[in-house]
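Me: I am new to this structure and would like to learn how to read its features one at a time. Could you take me through them slowly, with the general idea before each case?

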Amino acid sequence: MTGTAKNPEYDFLWCPGCGDFGVRRALEFAMRDWNIEREIPMSHNVVVAGIGCSGNLVHLYEGEQPYGFHGIHGRSLPLALGVKMAREDLNVVVVAGDGDFLSIGMEHIAPQAARNLNICAVIMDNGVYGLTKGQSSPTTVEDTVTSSTPYGKLEATLNPLDLYLTLGVTYIASGYSTKPRDLAAMIKRGMEHDGFSIVHVNSPCTTYNDTYALLKGNKAKGIDPLAWEIPDDHDATSKSAAREIIEQGGVPLGVVYQDDSRPSLDQRMSGVRERVTARSPQSLLDAFSV
């Protein structure tokens, strides 16, 4: 592992070459531009993390920091919901890994998609549980030998983009950690989207699942790249077009789907508040004494 002795810029541990360094930089770019455009301080941003290597993204700048909430495994979305319900004016970003978000945390995706919770989730997918020594995750390729699957993974490989589209996530983007500027643009667009946004990032683990060559391709070794750019003429507002992109396989790079027609949870709650008559604290206390 590498830490402050080799990289004094950081006060946390990541392995050399970890894709999460690129994701960190992309999120930093996106938040910086977000703040400048709106003339707001960094403290109006909240980064909510679960457990895993991705959790280190609660640390961004050397200077002013966003609020960071390092929660428990798989529960980043309920925590983000709580933050948003209390302070809907804040820009809330979830950071999570494929094990954290798509295994124990998968049960929370559908409810937030149904609510259209107005947050942006940035998912770092390295195809393994990197922090706990390389066990297989939902996105590990079938038959892969890992520390938890010595005879090969038996479960089918999960396609996260297909899952998000099926569950009704209203903004879905797919990126690659070696392109932080492109990734930053997708994250910022996700933060600007009024609804539930997920930016799914292929972020290779150099220790347990180094997929750089597979993603980028290697002509000398006869490896075709898995990553490919979504065509400029792709209609991201069309669910059927998004499905076609996903079904082409590989790792599409760009915005897969965006639905701006559904109201967000913020908007629905605003409508509820207009219809509800507020009660005084005393009337609430009196209700218990009847």
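Me: Is arginine 25 buried, partly exposed or exposed?

Reply: This is a predicted model, and in it arginine 25 has a relative accessibility of 25%, so it counts as partly exposed, since the partly exposed class lies between under 20% for buried and over 50% for exposed. Glutamate 28, by contrast with that class, is buried, because its relative accessible area is 10%, and buried means under 20%.

Me: Which residue forms a salt bridge with arginine 25, and how far apart are the closest N and O atoms?

Reply: The general idea is that side chains of opposite charge can pair when their charged atoms come close. Here arginine 25 forms a salt bridge with glutamate 28, and the closest N and O atoms are 2.2 Å apart. Both residues belong to helix 1, which covers residues 20-38, and they are three residues apart, or about one turn of the helix.

Me: How many salt bridges does the count come to?

Reply: The count comes to eleven salt bridges. Another one of them joins aspartate 89 to arginine 87, where the closest N and O atoms are 2.8 Å apart; aspartate 89 is partly exposed at 47%, and arginine 87 is partly exposed at 40%.

Me: What about aromatic rings: how many aromatic pairs does a search of the whole structure find?

Reply: A pair of aromatic rings is described by the distance of the centres and the angle of the planes. The search finds two aromatic pairs. In one of them, the ring centres of tryptophan 14 and phenylalanine 21 are 5.0 Å apart and the planes stand at 80°, so the pair is edge-to-face; tryptophan 14 is buried, with a relative accessible area of 2%. Phenylalanine 101 and tyrosine 164 also form an edge-to-face pair, with 6.4 Å from centre to centre and 70° between the planes. That pair links distant parts of the chain, phenylalanine 101 in helix 3 and tyrosine 164 in helix 5 (residues 160-167), 63 residues apart, and both of these residues are buried.

Me: Over which ring does the charged end of arginine 38 sit?

Reply: The charged end of arginine 38 sits over the ring of tryptophan 34, 3.5 Å from its centre.

Me: Finally, which residues line the largest cavity?

Reply: A search of the whole structure finds one cavity of 30 Å³ or more, and about 30 Å³ of space lies in the largest cavity. Its lining is made up of Gly74, Ser76, Leu77, Asp100, Phe101, Gly105 and His108, and the elements that give two or more residues to this lining are helix 2 (76-86) and helix 3 (98-104). By class, the lining has two nonpolar, four polar and one charged residues.

How values were computed:
Residues numbered from 1 in each chain as written. Heavy atoms only, no water. 1 Å grid on protein atoms, 1.4 Å probe; cavity = no way out; pocket = protein on both sides within 12 Å on 5 of 7 lines; lining within 4 Å. Points joined across faces, edges and corners; volume = space filled by probe spheres on them. Helix = DSSP H or I, 4+ residues; strand = E, 2+ residues; numbered from the N terminus. Nonpolar A, V, L, I, M, F, W, Y, C, P; charged D, E, K, R; others polar. Salt bridge = Lys/Arg side-chain N within 4 Å of Asp/Glu carboxyl O. Buried < 20%, exposed > 50% of the residue type's maximum accessible area, 1.4 Å probe, protein only. Phe/Tyr/Trp six-rings, centres within 6.5 Å; stacked < 30°, edge-to-face > 60°. Lys NZ or Arg CZ within 6 Å of the ring centre and 35° of its normal.
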